[in-house]
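Could you walk me through this structure, one selection at a time? I have it open in my viewer and would like to know what to click on next.

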Amino acid sequence: MQLVGIAKLAASGELLAAKRSVEYFELPTRRLLNRTSERMPFQWTVNPYRGCEFGCVYCYARYTHEFMELHAPGAFERKIFAKQFFAASLAAELRKIPRKDWIAIGTATDPYQPAERRFEVTREILKVFAAGRGRRLSVTTKSDLVLRDLDLLQELARANIVHVNFTVTTMDGELARLLEPLAVRPDLRMAAARKLTEAGIQVGVFPNPVIPMLTDTEASLDAVAKAAAEAGATFLGGGLLFLKPCAKRVFLPFLERHFPRLAPEYERLYRAGAFLRGEYADGIRELVARIRTRHGLRDAPIEYTPELWEPEPEQGNLFEPQAAVRSS
Ligand code: SF4
(Lines give C-alpha, C1' and ligand atoms only; values in the text may rest on other atoms or scores of the structure.)
Protein backbone atom coordinates (compact mmCIF):
# COMPACT_ATOMS: atom_id res chain seq x y z
CA MET A 1 0.00 0.00 0.00
CA GLN A 2 1.27 3.47 -0.85
CA LEU A 3 1.28 5.56 2.30
CA VAL A 4 0.23 9.19 2.06
CA GLY A 5 -0.16 12.17 4.38
CA ILE A 6 -0.01 11.44 8.11
CA ALA A 7 0.51 7.69 7.48
CA LYS A 8 3.63 8.49 5.46
CA LEU A 9 4.92 10.87 8.14
CA ALA A 10 4.32 8.27 10.86
CA ALA A 11 6.16 5.60 8.89
CA SER A 12 9.17 7.91 8.60
CA GLY A 13 9.24 8.74 12.33
CA GLU A 14 12.52 7.91 14.00
CA LEU A 15 12.34 5.41 16.89
CA LEU A 16 12.97 7.48 20.03
CA ALA A 17 12.85 4.73 22.66
CA ALA A 18 11.27 1.38 23.50
CA LYS A 19 9.98 0.48 26.97
CA ARG A 20 8.47 -2.90 27.83
CA SER A 21 6.13 -3.36 24.92
CA VAL A 22 5.81 0.37 24.27
CA GLU A 23 7.66 2.08 21.46
CA TYR A 24 8.05 5.82 21.16
CA PHE A 25 8.44 7.57 17.83
CA GLU A 26 8.87 11.10 16.73
CA LEU A 27 6.12 12.37 14.45
CA PRO A 28 7.20 15.01 11.95
CA THR A 29 4.58 17.72 12.30
CA ARG A 30 3.74 20.58 9.99
CA ARG A 31 1.72 22.46 12.59
CA LEU A 32 0.67 21.94 16.19
CA LEU A 33 -2.52 24.00 16.29
CA ASN A 34 -5.61 22.42 14.78
CA ARG A 35 -8.88 24.25 14.13
CA THR A 36 -11.96 22.71 15.71
CA SER A 37 -15.53 22.59 14.55
CA GLU A 38 -17.94 25.34 15.55
CA ARG A 39 -19.77 22.99 17.92
CA MET A 40 -16.84 23.05 20.33
CA PRO A 41 -16.37 25.70 23.02
CA PHE A 42 -12.72 26.12 21.98
CA GLN A 43 -11.39 27.16 18.59
CA TRP A 44 -8.01 25.39 18.51
CA THR A 45 -6.57 22.17 19.86
CA VAL A 46 -3.05 21.02 20.55
CA ASN A 47 -2.29 17.35 21.10
CA PRO A 48 1.41 16.83 21.83
CA TYR A 49 1.16 13.04 21.37
CA ARG A 50 -0.56 10.55 19.13
CA GLY A 51 -1.55 7.35 20.90
CA CYS A 52 -1.93 7.08 24.66
CA GLU A 53 -0.43 4.56 27.02
CA PHE A 54 -3.27 4.97 29.52
CA GLY A 55 -5.32 2.72 27.26
CA CYS A 56 -8.86 3.59 28.37
CA VAL A 57 -11.25 1.02 26.96
CA TYR A 58 -13.71 3.66 25.79
CA CYS A 59 -11.14 5.94 24.13
CA TYR A 60 -12.46 7.46 20.91
CA ALA A 61 -9.06 8.84 19.84
CA ARG A 62 -8.04 5.45 18.46
CA TYR A 63 -9.16 6.66 15.05
CA THR A 64 -6.06 8.89 14.96
CA HIS A 65 -3.90 5.74 14.71
CA GLU A 66 -6.13 4.46 11.93
CA PHE A 67 -5.23 7.60 9.96
CA MET A 68 -1.62 6.40 10.20
CA GLU A 69 -2.64 2.94 8.94
CA LEU A 70 -1.87 1.49 12.37
CA HIS A 71 -4.80 -0.87 12.82
CA ALA A 72 -3.31 -3.66 14.96
CA PRO A 73 -5.07 -4.20 18.32
CA GLY A 74 -3.13 -2.39 21.03
CA ALA A 75 -1.18 -0.17 18.62
CA PHE A 76 -2.83 2.95 20.05
CA GLU A 77 -1.45 2.16 23.54
CA ARG A 78 1.90 0.78 22.44
CA LYS A 79 3.08 2.92 19.55
CA ILE A 80 3.27 6.41 20.93
CA PHE A 81 4.20 9.32 18.72
CA ALA A 82 5.70 12.46 20.23
CA LYS A 83 5.12 15.39 17.91
CA GLN A 84 8.17 17.13 16.62
CA PHE A 85 8.32 20.46 18.32
CA PHE A 86 10.00 23.76 17.47
CA ALA A 87 9.25 26.68 19.77
CA ALA A 88 9.72 29.23 16.97
CA SER A 89 7.21 27.42 14.72
CA LEU A 90 4.55 27.34 17.41
CA ALA A 91 5.16 31.01 18.21
CA ALA A 92 4.70 31.78 14.50
CA GLU A 93 1.47 29.75 14.40
CA LEU A 94 0.18 31.63 17.43
CA ARG A 95 0.88 35.00 15.86
CA LYS A 96 -1.57 34.11 13.08
CA ILE A 97 -4.59 33.46 15.30
CA PRO A 98 -6.66 35.92 17.35
CA ARG A 99 -5.64 36.05 20.96
CA LYS A 100 -9.26 35.78 22.05
CA ASP A 101 -9.48 32.24 20.64
CA TRP A 102 -9.56 29.47 23.20
CA ILE A 103 -6.82 26.86 22.76
CA ALA A 104 -7.35 23.43 24.34
CA ILE A 105 -4.39 21.17 25.01
CA GLY A 106 -5.16 17.46 25.30
CA THR A 107 -8.49 17.10 23.53
CA ALA A 108 -7.67 13.80 21.81
CA THR A 109 -4.81 12.27 23.78
CA ASP A 110 -3.42 12.88 27.24
CA PRO A 111 -0.70 15.54 27.31
CA TYR A 112 0.64 14.14 30.61
CA GLN A 113 0.74 10.47 29.66
CA PRO A 114 3.97 8.58 30.57
CA ALA A 115 5.75 9.70 27.39
CA GLU A 116 5.70 13.26 28.71
CA ARG A 117 8.14 12.30 31.49
CA ARG A 118 10.71 11.56 28.82
CA PHE A 119 10.00 13.91 25.99
CA GLU A 120 8.45 16.97 27.69
CA VAL A 121 6.64 18.13 24.57
CA THR A 122 3.76 19.48 26.67
CA ARG A 123 6.12 21.37 28.95
CA GLU A 124 7.91 22.95 26.01
CA ILE A 125 4.58 24.01 24.52
CA LEU A 126 3.53 25.62 27.80
CA LYS A 127 6.80 27.54 27.84
CA VAL A 128 5.89 29.12 24.50
CA PHE A 129 2.51 30.19 25.90
CA ALA A 130 4.18 31.50 29.05
CA ALA A 131 6.25 33.87 26.92
CA GLY A 132 3.06 35.62 25.74
CA ARG A 133 -0.02 37.28 27.20
CA GLY A 134 -3.75 37.50 26.78
CA ARG A 135 -4.41 33.93 25.61
CA ARG A 136 -7.07 31.51 26.75
CA LEU A 137 -5.82 28.05 27.41
CA SER A 138 -7.03 24.80 28.92
CA VAL A 139 -5.18 21.59 29.65
CA THR A 140 -7.04 18.29 30.07
CA THR A 141 -5.51 15.25 31.68
CA LYS A 142 -5.94 12.12 33.78
CA SER A 143 -2.49 12.47 35.30
CA ASP A 144 -0.94 14.08 38.34
CA LEU A 145 2.21 14.63 36.28
CA VAL A 146 0.67 18.04 35.54
CA LEU A 147 1.96 19.07 38.98
CA ARG A 148 5.49 18.97 37.60
CA ASP A 149 4.53 22.07 35.59
CA LEU A 150 2.84 23.92 38.43
CA ASP A 151 5.36 26.77 38.35
CA LEU A 152 4.82 27.21 34.64
CA LEU A 153 1.04 27.11 34.97
CA GLN A 154 1.16 29.75 37.68
CA GLU A 155 3.30 31.96 35.48
CA LEU A 156 0.89 31.40 32.60
CA ALA A 157 -2.15 32.17 34.73
CA ARG A 158 -0.76 35.60 35.68
CA ALA A 159 -1.06 36.82 32.09
CA ASN A 160 -3.48 34.38 30.44
CA ILE A 161 -6.82 32.79 31.26
CA VAL A 162 -5.93 29.23 32.15
CA HIS A 163 -7.71 26.25 33.58
CA VAL A 164 -6.82 22.61 34.06
CA ASN A 165 -9.42 19.89 33.54
CA PHE A 166 -9.19 16.49 35.17
CA THR A 167 -11.14 13.64 33.68
CA VAL A 168 -12.45 11.37 36.42
CA THR A 169 -15.06 8.86 35.28
CA THR A 170 -15.46 7.20 38.68
CA MET A 171 -14.06 7.41 42.20
CA ASP A 172 -14.22 3.60 42.40
CA GLY A 173 -10.55 2.65 42.08
CA GLU A 174 -11.23 -0.94 41.00
CA LEU A 175 -13.63 0.06 38.27
CA ALA A 176 -11.24 2.80 37.14
CA ARG A 177 -8.44 0.23 36.87
CA LEU A 178 -10.60 -1.85 34.53
CA LEU A 179 -11.77 1.08 32.45
CA GLU A 180 -8.50 3.05 32.37
CA PRO A 181 -5.82 0.41 32.96
CA LEU A 182 -2.73 2.60 33.17
CA ALA A 183 -4.17 5.96 34.09
CA VAL A 184 -3.37 7.57 37.43
CA ARG A 185 -5.77 6.55 40.24
CA PRO A 186 -8.85 8.78 40.63
CA ASP A 187 -7.95 9.78 44.20
CA LEU A 188 -4.50 10.87 43.01
CA ARG A 189 -6.07 12.92 40.22
CA MET A 190 -8.26 14.64 42.81
CA ALA A 191 -5.25 15.21 45.07
CA ALA A 192 -3.49 16.87 42.12
CA ALA A 193 -6.61 18.97 41.49
CA ARG A 194 -6.48 20.15 45.09
CA LYS A 195 -2.81 21.12 44.82
CA LEU A 196 -3.54 23.15 41.71
CA THR A 197 -6.50 24.97 43.20
CA GLU A 198 -4.50 25.72 46.35
CA ALA A 199 -1.86 27.22 44.06
CA GLY A 200 -4.48 29.47 42.47
CA ILE A 201 -5.11 27.53 39.23
CA GLN A 202 -8.71 27.14 38.19
CA VAL A 203 -9.71 23.48 37.88
CA GLY A 204 -12.64 21.68 36.28
CA VAL A 205 -13.54 18.01 36.67
CA PHE A 206 -15.11 15.93 33.92
CA PRO A 207 -16.82 12.65 34.79
CA ASN A 208 -16.61 11.94 31.06
CA PRO A 209 -17.56 9.77 29.51
CA VAL A 210 -20.57 8.93 31.63
CA ILE A 211 -20.79 5.21 30.91
CA PRO A 212 -24.29 3.68 30.82
CA MET A 213 -24.91 1.10 33.55
CA LEU A 214 -21.36 1.49 34.90
CA THR A 215 -20.84 5.10 36.00
CA ASP A 216 -24.23 6.68 35.32
CA THR A 217 -25.83 6.30 38.75
CA GLU A 218 -26.53 9.26 40.98
CA ALA A 219 -24.22 7.79 43.64
CA SER A 220 -21.32 7.41 41.21
CA LEU A 221 -21.63 10.89 39.68
CA ASP A 222 -22.25 12.44 43.07
CA ALA A 223 -19.04 10.88 44.43
CA VAL A 224 -17.03 12.50 41.61
CA ALA A 225 -18.75 15.87 42.11
CA LYS A 226 -18.24 15.74 45.88
CA ALA A 227 -14.53 14.97 45.52
CA ALA A 228 -14.23 17.72 42.88
CA ALA A 229 -15.86 20.29 45.17
CA GLU A 230 -13.66 19.20 48.08
CA ALA A 231 -10.60 19.62 45.83
CA GLY A 232 -11.66 23.20 45.13
CA ALA A 233 -12.78 22.66 41.50
CA THR A 234 -15.08 25.33 40.15
CA PHE A 235 -16.85 23.49 37.38
CA LEU A 236 -18.06 20.02 36.44
CA GLY A 237 -18.61 18.65 32.94
CA GLY A 238 -20.62 15.59 32.04
CA GLY A 239 -20.91 14.03 28.60
CA LEU A 240 -22.24 10.62 27.71
CA LEU A 241 -20.16 7.83 26.22
CA PHE A 242 -20.17 7.85 22.46
CA LEU A 243 -18.98 4.78 20.65
CA LYS A 244 -17.42 5.34 17.28
CA PRO A 245 -16.47 2.13 15.48
CA CYS A 246 -12.82 2.40 16.64
CA ALA A 247 -13.94 2.58 20.30
CA LYS A 248 -16.65 -0.04 19.88
CA ARG A 249 -14.11 -2.58 18.67
CA VAL A 250 -12.34 -2.35 22.03
CA PHE A 251 -15.24 -1.54 24.34
CA LEU A 252 -17.64 -4.33 23.38
CA PRO A 253 -15.09 -7.15 23.85
CA PHE A 254 -14.19 -5.50 27.19
CA LEU A 255 -17.85 -5.75 28.24
CA GLU A 256 -18.03 -9.38 27.12
CA ARG A 257 -15.03 -10.14 29.33
CA HIS A 258 -15.91 -8.17 32.44
CA PHE A 259 -19.62 -7.34 32.29
CA PRO A 260 -21.14 -9.93 29.93
CA ARG A 261 -24.70 -9.16 30.97
CA LEU A 262 -24.29 -5.59 29.73
CA ALA A 263 -23.07 -6.49 26.25
CA PRO A 264 -26.53 -7.07 24.72
CA GLU A 265 -27.81 -3.91 26.41
CA TYR A 266 -25.08 -1.92 24.70
CA GLU A 267 -25.83 -3.51 21.35
CA ARG A 268 -29.38 -2.26 21.78
CA LEU A 269 -28.43 1.20 23.12
CA TYR A 270 -25.90 1.98 20.39
CA ARG A 271 -27.67 0.26 17.50
CA ALA A 272 -28.84 3.57 16.07
CA GLY A 273 -25.44 5.23 16.13
CA ALA A 274 -22.42 6.36 18.10
CA PHE A 275 -24.26 9.03 20.10
CA LEU A 276 -27.08 8.50 22.60
CA ARG A 277 -30.05 10.80 22.32
CA GLY A 278 -33.54 10.97 23.74
CA GLU A 279 -34.94 10.27 27.19
CA TYR A 280 -31.90 8.57 28.66
CA ALA A 281 -29.47 11.26 27.45
CA ASP A 282 -31.79 14.03 28.68
CA GLY A 283 -32.07 12.29 32.05
CA ILE A 284 -28.28 12.17 32.47
CA ARG A 285 -27.98 15.84 31.56
CA GLU A 286 -30.59 16.73 34.19
CA LEU A 287 -28.95 14.48 36.76
CA VAL A 288 -25.53 16.07 36.24
CA ALA A 289 -27.09 19.55 36.47
CA ARG A 290 -28.77 18.64 39.80
CA ILE A 291 -25.54 17.22 41.17
CA ARG A 292 -23.61 20.34 40.14
CA THR A 293 -26.05 22.53 42.00
CA ARG A 294 -25.89 20.28 45.05
CA HIS A 295 -22.14 20.73 45.28
CA GLY A 296 -21.98 24.40 44.30
CA LEU A 297 -20.20 23.68 41.01
CA ARG A 298 -20.64 25.54 37.74
CA ASP A 299 -20.95 24.15 34.22
CA ALA A 300 -18.12 26.35 32.88
CA PRO A 301 -15.02 28.16 34.08
CA ILE A 302 -15.34 31.37 36.06
CA GLU A 303 -14.63 34.59 34.24
CA TYR A 304 -11.61 36.38 35.59
CA THR A 305 -9.05 38.92 34.47
CA PRO A 306 -5.46 37.81 35.06
CA GLU A 307 -3.14 40.23 36.81
CA LEU A 308 -1.06 40.87 33.66
CA TRP A 309 -3.88 40.45 31.14
CA GLU A 310 -3.35 42.23 27.86
CA PRO A 311 -6.30 41.97 25.48
CA GLU A 312 -6.15 42.60 21.78
CA PRO A 313 -7.28 46.16 21.01
CA GLU A 314 -10.39 45.01 19.16
CA GLN A 315 -11.41 42.59 21.87
CA GLY A 316 -14.37 43.56 23.99
CA ASN A 317 -15.15 41.68 27.12
CA LEU A 318 -13.80 38.43 26.21
CA PHE A 319 -14.50 35.47 28.19
CA GLU A 320 -17.91 34.10 27.49
CA PRO A 321 -18.31 31.03 29.63
CA GLN A 322 -19.49 28.09 27.58
CA ALA A 323 -20.23 24.52 28.43
CA ALA A 324 -16.80 22.99 28.62
CA VAL A 325 -15.97 19.79 26.84
CA ARG A 326 -13.49 17.19 27.81
CA SER A 327 -11.33 15.08 26.02
CA SER A 328 -8.61 13.02 27.45
S1 SF4 B 1 -6.37 9.14 28.81
FE2 SF4 B 1 -7.64 10.02 27.21
S3 SF4 B 1 -6.44 9.78 25.34
FE4 SF4 B 1 -5.53 8.44 26.86
S5 SF4 B 1 -6.48 6.47 26.45
FE6 SF4 B 1 -7.66 7.51 28.05
S7 SF4 B 1 -9.32 8.56 26.96
FE8 SF4 B 1 -7.75 8.02 25.45
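A nonpolar core is a set of buried Ala, Val, Leu, Ile, Met, Phe, Trp, Tyr and Cys residues joined through side-chain atoms within 4.5 Å. Keep in mind as we go that this is a predicted model.

**Stop 1: the core**

Start with the largest nonpolar core, which has 85 residues. Select F251 and Y266, the members that touch the most others in this core. Then colour helix α6, residues 121-130: with six residues, α6 gives the core its largest share. As background, nonpolar side chains tend to be buried together in soluble globular proteins.

**Stop 2: around Y266**

Stay with Y266 and show its surroundings. Is Y266 buried or exposed? Its relative accessibility is 1%, and buried means under 20%, so Y266 counts as buried. Leaving out neighbours within four places in sequence, Y266 is in contact with I211, P212, M213, L241, L243, F251, L252, L255 and R271.

**Stop 3: the rings**

Now show the aromatic side chains. The model has eleven aromatic pairs. One to look at is Y266 with Y270: the ring centres are 5.7 Å apart and the planes are at 15°, so this pair is stacked. Y270 also counts as buried, because its relative accessibility is 1%. Next, select F251, F254, F259, Y266 and Y270 together, and you will see a cluster linked by ring pairs.

**Stop 4**

Turn to the second largest pocket, which holds about 270 Å³ of space.

**Stop 5: the loop between α2 and α3**

Now select E69, in the loop between α2 and α3. Check the backbone angles here: E69 has a positive phi, near 60°, and is a residue other than glycine. With a relative accessibility of 35%, E69 counts as partly exposed.

**Stop 6: the loop between β10 and α10**

Move on to the loop between β10 (202-206) and α10 (218-230), where you will find P209. Zoom in on the peptide bond that joins N208 and P209: this bond is cis, with omega about -5°. M213 is in the loop between β10 and α10 too. M213 is not a glycine, yet its phi is positive, about 65°. Is M213 buried, exposed or partly exposed? At 34% relative accessibility, M213 counts as partly exposed.

**Stop 7: P186**

For the last stop, select P186 in helix α9, residues 186-198. P186 has a relative accessible area of 3%, so this proline is buried. Which residues does P186 touch, not counting those up to four places away in sequence? They are V168, T170, M171, G173 and A176. Draw a distance line from P186 to G173: they are 13 residues apart in sequence, and their C-alpha atoms are 6.5 Å apart in space.

Terms used: Residues are numbered from 1 along each chain as its sequence is written. This is a predicted model: local features need pLDDT of at least 70, side-chain atom pairs count only at pLDDT 80 or more; totals for chains, interfaces and linings use all residues. Side-chain values use heavy atoms; hydrogens and water are left out. Buried means under 20% relative accessible area, exposed over 50%, partly exposed in between (1.4 Å probe, protein chains only). Helices (H or I, at least four residues) and strands (E, at least two) are DSSP runs, numbered from the N terminus. Contact means heavy atoms within 4.5 Å. On a 1 Å grid over the protein atoms alone, a cavity is a set of points where a 1.4 Å probe fits but cannot get out, and a pocket is an open set with protein on both sides within 12 Å along at least five of seven lines; lining residues have an atom within 4 Å of a point. Grid points are joined across faces, edges and corners, and a volume is the space filled by probe spheres set on the points. Rings of Phe, Tyr and Trp (its six-membered ring) pair if their centres lie within 6.5 Å; planes under 30 degrees apart count as stacked, over 60 as edge-to-face and the rest as tilted.
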